[in-house]
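Student: Could we go through this model together? I would like to start with the terms and then turn to the details.
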Amino acid sequence: MVRKKMAVPVERVPVNVFKVFLASLTAFLILWFVPLLLGKYTDVTYPYIARKDIIYELVGLIGDAGKGIRWCPPISPYIEETVHLIDVEFDSLIEEELVKKYKIQPGGSWKPQECLSRYQVTIVVPYRNRSQQLRQFLTYMHPYLIRQQLDYRIVVVEQSNVTTFNRAKLFNIGFVESLKMATVDCFVFHDVDLLPQNDMNIYACTHHPRHMYSALDKFRYHLPYRNLFGGAIAVQRVHFSAVNGFANRYYGWGGEDDDFYSRIERKGLTIIRFDPQVALYVMLPHQSLPPSEDRFLHLNEGVSKSDDGLATLSYQLIEKKVLPLYTLILVSC
Ligand code: BGC
């Protein structure tokens, strides 16, 4: 008997919306969320030193102080435990009050009297046309650094109005001119519009070059990318010299810090950051400058142009002034 094949009607499988949703969700989790969790595509998991380890990383001891000298404790007793909430409109103390209250020495230097500071540092601030911010910076930073019992000096490097602003070159000049005044092993290169909110972010050098902030209010207390090395950095003198400082060719906004990062990397150094709870900052508001169009061009040339830096630095020193709250270096460059 021949069996007649019955035509099987094609069954329309009803689309199970729930299953489709579940499959899409799984795909989404695998493709996006898992790498995110692993920290592959995010800067949330960048390395940092735990708070308890901070003091062991610091260097900059002023050598053998000899018998009978009392070192300051590794963590200053004057450090305030709270995170400072900074009102960006805050009023500045007048200069004389600040000098008198904290006994700040001419040229914006200070060191504790009751003990020998463990950390010596020069803070270099590039500057032009932001007098209100400079006042706020000095008003805030002097007491902040004093609470940390540092042996420090603030050096402001001002660029005269002739050429486009060159942050990198001002840092190089600050480094060279500061070393003419005294030998210092640790430098903090710092924008005038940044204020640290936690006293535990010690302004001293670490064994590795350090990006001072892990969390910035402007970036919703995150970092836009892992290799960001802008705003405020702490670098040992030997490391800054070894990488030939910053490249001098970055006129205008942007790129010079990325170039500096690649110099650090090429020398086999790594950068570190402190815990975001410690390394958090506020940026004072100001009008943003348009990014320089040349910056990507320069960055691509970076490797071949690494001779551009401290070795090729040229500038005209207009004035060097010891002011009550800082040392001014006015240059044309
Ligand atoms: C610029 C850097 C800057 C960073 C964060 C980058 O695009 O090249 O110079 O620090 O953005 O604002």
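Tutor: Helices (H or I, at least four residues) and strands (E, at least two) are DSSP runs, numbered from the N terminus. This is a predicted model, in which local features need pLDDT of at least 70, side-chain atom pairs count only at pLDDT 80 or more, and totals for chains, interfaces and linings use all residues. Residues are numbered from 1 along each chain as its sequence is written, and side-chain values use heavy atoms, with hydrogens and water left out.

Student: Where is arginine 210, then?
Tutor: Arginine 210 is in strand E6 (residues 210-211).

Student: Is arginine 210 buried or exposed?
Tutor: Arginine 210 is buried, at a relative accessible area of 0%. Buried means under 20% relative accessible area, exposed over 50%, and partly exposed in between (1.4 Å probe, protein chains only).

Student: Which side chain does the side chain of arginine 210 make a polar contact with?
Tutor: The partner is the side chain of asparagine 201, at 3.1 Å. A polar contact is a pair of N or O atoms within 3.5 Å; within protein, one must be able to donate a hydrogen and the other to accept it, and residues adjacent in sequence count only if both atoms are side-chain atoms.

Student: On to the sheet. What is the order of the strands in the open sheet?
Tutor: The order is E5-E9-E7, with mixed pairing. Two strands pair if DSSP finds at least two bridges between them.

Student: Why is one side of E5 and of E7 left without a neighbour in the sheet?
Tutor: Strands E5 (194-196) and E7 (215-216) stand at the edges and have a single partner strand each, so one side of each lacks a neighbour in the sheet.

Student: How do E5 and E7 pair with E9?
Tutor: E5 and E9 (residues 280-283) run antiparallel, joined by 3 bridges, and leucine 194 stands opposite methionine 283. E7 pairs with E9 in the parallel sense over 2 bridges, with leucine 216 opposite tyrosine 281.

Student: What covers the picture for the faces of E9?
Tutor: Both faces of E9 are covered: Leu280 and Val282 on one side are buried, as are Tyr281 and Met283 on the other. In a regular strand, side chains alternate between the two faces of the sheet.

Student: New topic: which residues are around the ligand?
Tutor: Among them are Trp253, Gly255, Asp257, Asp258 and Arg295, where a residue counts if one of its heavy atoms lies within 4 Å.

Student: How far are the side chains of aspartate 257 and aspartate 258 from the ligand?
Tutor: An N or O atom in the side chain of aspartate 257 is 2.5 Å from an oxygen atom of the ligand; for aspartate 258, the distance is 2.6 Å.
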